[in-house]
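Subject: A structure for you to explore

Hi,

Here is the structure I promised to pass on to you. Have a look at it first, and then read on for what turned up in it.

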Amino acid sequence: MTDTPLLLAGDFATPSAADWEVEVLKVLNRRRPEGTELTVEQAMARLRTTTADGLRIEPLYTESDIPLGHPGVMPFTRGTMTKTSPATGWDVRQLHEDPDAAYTKAQILADLERGATSVWLRLGSDAIAPSDLAAVLDEVDPNLAPISVSSVEDQVAAAKALADYLAAKGAHHAAGSFGLDALGAAARTGAAADLGPQAEWVAKALAEFPGVRALTVDALPYDDAGAGDIDQLAFAIATGVAYLRDLEAAGISPEKAFGQFAFRVSANTDQFTTIARLRALRRLWARVGEVSGVPANARGAVQHAVTSWRMITRDDPWVNLLRGTIATFAAAVGGAEIVTTLPFDTAWGLPNEVSRRLARNTQLVAAEESNIGRVADPAGGSWYVEQLTDQLANKAWATFVEIEAAGGMAAALSSGLVADKIAGVSTERAKRLSTRKLPLTGVSMFPKADEEPVKAKPRPAAPARAGLPAHRDAEVFEALRDRAAAAPSKPEVFLACLGARRDFGGRETFTAALLGVGGIVTPSSEGGTPEEIAAKASAAGAKFVILCSSAKIYADQAVPVARALKAAGVGTVYIAGRKKETGAADVDDVIDGEVFDGMDVVAFLGEAMDRMGVAK
């Protein structure tokens, strides 16, 4: 033992930002010709990224003057409470929506017995019937397990069913949520928002069920429709303000109303923006409470984070376990008081016992083995997270002000302002998905050709709704796979691999994987003369051929092979890489297109199927 403290990296000088910039320039300018070197500004521009909704991500963050603050106090950025025990830091809430009352009852009990701490019931014609609520909760003690309900079709009926159940159980001090959210329902259905019943239910909760929150500000309809982090945050704050105004007009003060809100927010695989968004929401809602005269200790926003439905994929669904784990981690680190992890087979239908258990255990492992919940705001103090939180809060507040200027959230929904904002972000995200700048593992990258479909109970048909359309990110790729699967025989693109494996191996692997995204199989040839390659392609019945090799081999063989293929009756010839690698002036006469990293994969695969005559 020694009394001398251990100084990690203590023998090294502390580098400055300028020192780091020098090293960056060395790397980026290593192969650039003299006189064309990048400046520091140009280098930073290359390393800087921007999200689909305009958040700027710097390559390096340093200390800023943003005050760190403390958990449990204004502005609540770091959490609504301080950690006072090593117990699990959040409420593990499982979603139930299977209309089979007996099955749902059994699953609720299984969840609660094995780690879940509360219950979320979705009620409606395509979910649990309100009349079945008491039956599915028959053996649940609401004083031990909070009950929350939600509905798109009839929120009042859902709230009444829960209130009647709690009254029958004598559980007037139980916790939970009645789930009233008129603007959220309007976003789903396209109907005009009816805020009328909400004040009545807030009054009822205050008088009869003080542990139950009457209102839910649900941001999930916007996430499902494609909204970005900035807009989701702004829509949530604008919705909350609209409800505060409505309640105040009904004689319920902001001080009393504030405790009746719960925010339901999405958590996705972009863990840092999720963490920052949850932190920013608390800051903004605290500011609303401040200007509304709410006491400082009552301004914290309770958040129920749900792993994003939009990020879930149908194909290679086991990867959803990883997505759910990352999103759950982000929700917990972001300080969500309640977390719901959607089962990995959600896109296939209603979950079974195995997928429910995996979803539940994702949270339990994070909470009880990884101990995430034992630390208050573990991301607090990170220069990146603090500045990202600040950027999100500022941009969302500007959008909130724009919505207020347009007449508030109800007017923004009915006028199309909300839809327009979502469309702008969705369009940019679609470009990034199509070019795989925003990759989907198992779907747009590394597809599994021989995967077995997941067996799941089909969901009941939902009523037709005219609200914001919901789309999963993977749907455009899944449609391509479905198109290929519906063909009488699997569509094929022949890969003509030129030279030796050391020449074509990399591009052959890249091209075969890219075509696999659309469910297209890839017979191939290796080496040979132009005539031999053309004969093999013709024998395979190829209509579409892609040349695969290196620039050196392309310069000698690409154009002669392409001519031979065309002479043999092949309709379309592409090159893996760039046409200019052939060095031929007449390359456009015989090579019809290029396959390369960063191309629009969706457009290419759709066109390839068109050329091969695959029905849409």
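One term before we start: a residue counts as buried when its relative accessible area is under 20%, and as exposed when that value is over 50%. Please also keep in mind that this is a predicted model.

Let's begin with helix H7, which covers residues 196–208. Its 13 residues reach 19 Å from the first C-alpha to the last, close to the expected 18 Å. Which residues of H7 are buried? They are Gln198, Ala199, Trp201, Val202 and Ala205. What do the buried residues of H7 pack against? Their partners are helices H5 (155–169), H6 (182–189) and H9 (229–249), together with strands S6 (176–180) and S7 (212–218).

Two of those partners lead us to the barrel. Eight strands close into it in the order S3-S4-S5-S6-S7-S8-S9-S10, with parallel pairing. From one strand to the next, the twist averages 30 degrees. S6 and S7 run parallel and are joined by three bridges, and Leu180 stands opposite Leu215 in S7.

H12 touches strands S8 (261–267), S9 (303–307) and S10 (338–340), and its direction makes about 165 degrees with that of S9. H13 touches S3 (91–96) and S10, and its direction makes about 165 degrees with that of S3.

H12 (residues 319–333) and H13 (residues 353–369) also pack against each other, at an angle of about 35 degrees and with their axes 10 Å apart. Their crossing is right-handed. On the H12 side the contact is made by Leu321, Gly324, Thr325 and Thr328, and on the H13 side by Leu358, Thr362 and Gln363.

Five strands make it up, in the order S12-S11-S13-S14-S15, and their pairing is parallel. Which strands lie at the edges? Strand S12 (524–526) and strand S15 (593–595) do, as each pairs on one side only. Here the twist averages 25 degrees from one strand to the next. Within this sheet, S13 (residues 544–548) and S14 (residues 572–576) pair in the parallel sense over four bridges, and Leu547 stands opposite Ile575 in S14.

Enjoy exploring!

Best wishes

Note on methods: Residues numbered from 1 in each chain as written. Predicted model: local features only at pLDDT ≥ 70, side-chain atom pairs only at ≥ 80, totals over all residues. Heavy atoms only, no water. Pairing = 2+ DSSP bridges. Helix = DSSP H or I, 4+ residues; strand = E, 2+ residues; numbered from the N terminus. Axes fitted to C-alpha atoms, helices over the stretch in contact; angles between N-to-C directions. Expected span 1.5 Å × (residues − 1). Buried < 20%, exposed > 50% of the residue type's maximum accessible area, 1.4 Å probe, protein only. Contact = heavy atoms within 4.5 Å. Left-handed = near helix turned anticlockwise from the far one by under 90°.
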